[in-house]
Structure formats: structure tokens, C-alpha cells
Amino acid sequence: MTIAIPQDVLDDVVATRRDLHAHPELAFEETRTAAIVEARLRALGYDVRTGIAKTGVLGILRSGKPGRTVLLRADMDALPIEEQNDLPFRSTVPGKMHACGHDAHVAMLLGAARVLMERRDELAGTLVLCFQPAEEGKGGGREMVNEGVLDDPNVDAAFGLHISSNYPAGVVAWRRGPFFASSDSIEITIRGRGGHGASPHEGVDPIFTAGQFITSVQQVVSRNISPLEPGVVTIGAIHGGTTHNVIPDTVTLLGTVRAFDAEVRAAMPERIERVLAAACASTGATYDYTYVWRYPITVNDGEQTGLVDELARGLFGVERSVEGERTMGAEDFSFFLERVPGSYFLIGAAGGPETSKPHHNAAFTIDERALETGVQMLVALGLEAPRRGR
Ligand SMILES: [Zn+2]
Ligand SMILES: [Zn+2]
């Protein structure tokens, strides 16, 4: 298969990406972005639905021929970061920036929408182009799924992609099975009894108790879960006390918990609480403990991922279709993949030191050559995925 993207479409994708980059919007506030998506899809002739999970937009294209219903997803939100790049299209909004590449995702899916409509005679089944809000920590993917984007029409397979500064521009990185970790949160308050710092024996010291817990909780990863399974418990925030000679009443802790295996993830809440309870029992403190289930493990279907590999190899050659490394990052496309088979893959966007900075860095930017690769993959999936595996 060859997928030639016309130059005017590519120019439009670059211009759209730059326009979105200059006008970033945070989670569930993507109204300008959604209005652009809606207008473009309507002009192309898609059946458009708006206002899903607040700002989400769907563009549906029924070929009238038999085949699967395939969903292609782009996330739309930016981050609360002050951009440090000196680009002509740098963010015009103070404190907000497309530092993850979601501007590119929207632009690429709109470019693919245009090519797929131009080639609609070649289509089978039904396409659902899904523009999702709030990937960054707010679970827009879960809201979209809860509001029925997989149910009407009934989606058979779902695909999503992410630009990645970890791979050279133009490389497609896929992985069968778990690709991204689960991401959950813990919120803890340790309650002691405050008093004079000179008389610790008269109080119950929540700071000392928190210290015991923070040290001991690493045993969950090192002693409780298999050494062959990855896991992370990170305490990212600790607050307690006011001055040097007062034992406070309480300490609060916030943390993130990551896993790559559903059983490991399921065991985490109790394992962590056991350590917390022991630390508190040893000093006489009490605690409040909340385990917040956030993003599931992103698990790719073997067959659908095989299709991603096959298309990438066919379009770009074996050297540009690679097995990706697992990452402890998380992705809310996992909510789609919990419900339907599909695959989430990466498009390399690093073209040198400037475009190799980490995602969420204030100087993050992409090699725009990656945009063509992404559009080609989305078009290839749009044409081919509905014909497969029914
Ligand atoms: Zn991100
Ligand atoms: Zn992202």
C-alpha cells in the first residue's frame, strides 16, 4: 500500500498544528479547538456530534459497505506550563502550552479526515474520528467512553497514536500487550497529637510516623511484588508542621502508584495500607487513606498491533516500524482499550537535540516531518482496519 498525502493537505496539517500550538487550551476547556474540529468535519461532510464529555467531538463516516466500525482518536488538551520556546507560533496564552504534542494529534487526525473523505469510495465499514478532551490527568477518555462513544455506532476496534520525542522522526513504535503503565494516586493524612518539640514523649509525632511510612513503603515494590514485574510507589508531596520546635497534629502525603500487571495493580491499595497501618501502630498515630483509581494499564491487542506493524512496514520499511519500549507513563486511551480491542502506538518526532526534549518540558517541540508519518498511518488504518478481523 502507498499512501501519498497531497502537499496541500500536509501544508494544512502544519498550519493547523501551529495555530493550535499558539492557542492552547487546558483539560475540558478545549472550546476553540473543538469549534475548529467541528467546522472542519462539517465542511468535509462528516456526521458530526459535539459536546461529548463537555468538549469532545465525533466525526462519523459510513461507507455503506460491510466492514468493522473503527475508531481513530486524537486528544486535544494542553498543559499548565509557560512555554520557553522562541517559535513564531509559540503559545499566546500565558501559563498554557501544548507541551505534549496534542496539537499535532488534532492536526494529523483532521488531515486524515480530509484524505479519507476524498478516498471514501475505497472505504469499508464505518469510521469514527474521535477528538477527546482532557487526557492530561483528568480522564477525558473515561468520560468519552462513559458517554457512549464506543456504543453508537458500536465500535469494533480503536486506534490512537502519540507523537514521541523518544524516537527518531518518522519511526512508528508499537507494542503488543501492556505498553503504558496504570497510574493511580494515594492521599494520606497521618494524625498524631501535637505538642512541644522538647517533649516528644507527651505527644504522637506524625512527622516521625510519616518518615517511617515513606521509608517502609518502598518494600511494596522491592519485597511484595515479583522482581520480574515493574512497579512504582512515589511520594511526591509531604506537608506538615509550622516551625522548628512544635510537633504538629497532622501530616498529609500525596503519591503516585504505577503498575504493568492488573494483579499487581489490584494488590497495591492493601499492600500500601498495611505499611501505613504498621507505621501508625508503632507510634500510636491514626490515619486517613484514600487510593484513587485513575488510569488503567494501556493493553494493546496482539492482532490490531500486528496490523499497525504491517501497515508501518508496508508504508515505510522495516527500519521505521519498531517494537517500542514499555514506559511507566500512563495514557487514558486505556479506557477505550479496556472495552474494545485496539492499539495505541507512537510516532517518533525527534529530529535532533531541539526536538528530543522530554514531553511536558517547557521547551518541548517536535520535528514536523513526523506529521506526515502520522497522517499516513491514520489514513492507512482508516482504509484497512475496517476490512480486517471480523
Ligand atoms: Zn502528556
Ligand atoms: Zn500526551
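A residue counts as buried when its relative accessible area is under 20%. Keep that cut-off handy for the exercises below, which use a predicted model.

**Exercise 1. Find which residues coordinate the zinc ion (ligand 2), and describe how they are spaced along the chain.**

Step 1: Start with the donor atoms. They are SG of Cys 100, NE2 of His 102 and NE2 of His 162, at 2.1 to 2.3 Å.

Step 2: Now read the donors along the chain; their spacing is C-x1-H-x59-H.

Step 3: His 102 belongs to helix α3 (residues 102-118) and His 162 to strand β5 (residues 157-168), so the pair, 60 residues apart, links distant parts of the chain.

Step 4: Look for a neighbouring metal. The zinc ion (ligand 1) is 3.0 Å from the zinc ion (ligand 2), and Cys 100 coordinates both.

**Exercise 2. Decide whether His 102 and His 162 are buried or exposed.**

Step 1: Take His 102. Its relative accessibility is 0%, so His 102 counts as buried.

Step 2: Take His 162. Its relative accessible area is 7%, and because the cut-off is under 20%, His 162 is buried too.

**Exercise 3. Work out how Phe 333 and Phe 336 are arranged, and which cluster they belong to.**

Step 1: Count the aromatic pairs: there are six.

Step 2: Check the geometry of one of them. The rings of Phe 333 and Phe 336 are 5.0 Å apart, centre to centre, with 25 degrees between the planes. Planes under 30 degrees apart count as stacked, so this pair is stacked.

Conventions: Residues numbered from 1 in each chain as written. Chains lettered and ligands numbered in written order. Predicted model: local features only at pLDDT ≥ 70, side-chain atom pairs only at ≥ 80, totals over all residues. Heavy atoms only, no water. Donors = N, O, S within 2.8 Å, 3.2 Å for Na, K, Ca; no water. Helix = DSSP H or I, 4+ residues; strand = E, 2+ residues; numbered from the N terminus. Buried < 20%, exposed > 50% of the residue type's maximum accessible area, 1.4 Å probe, protein only. Phe/Tyr/Trp six-rings, centres within 6.5 Å; stacked < 30°, edge-to-face > 60°.
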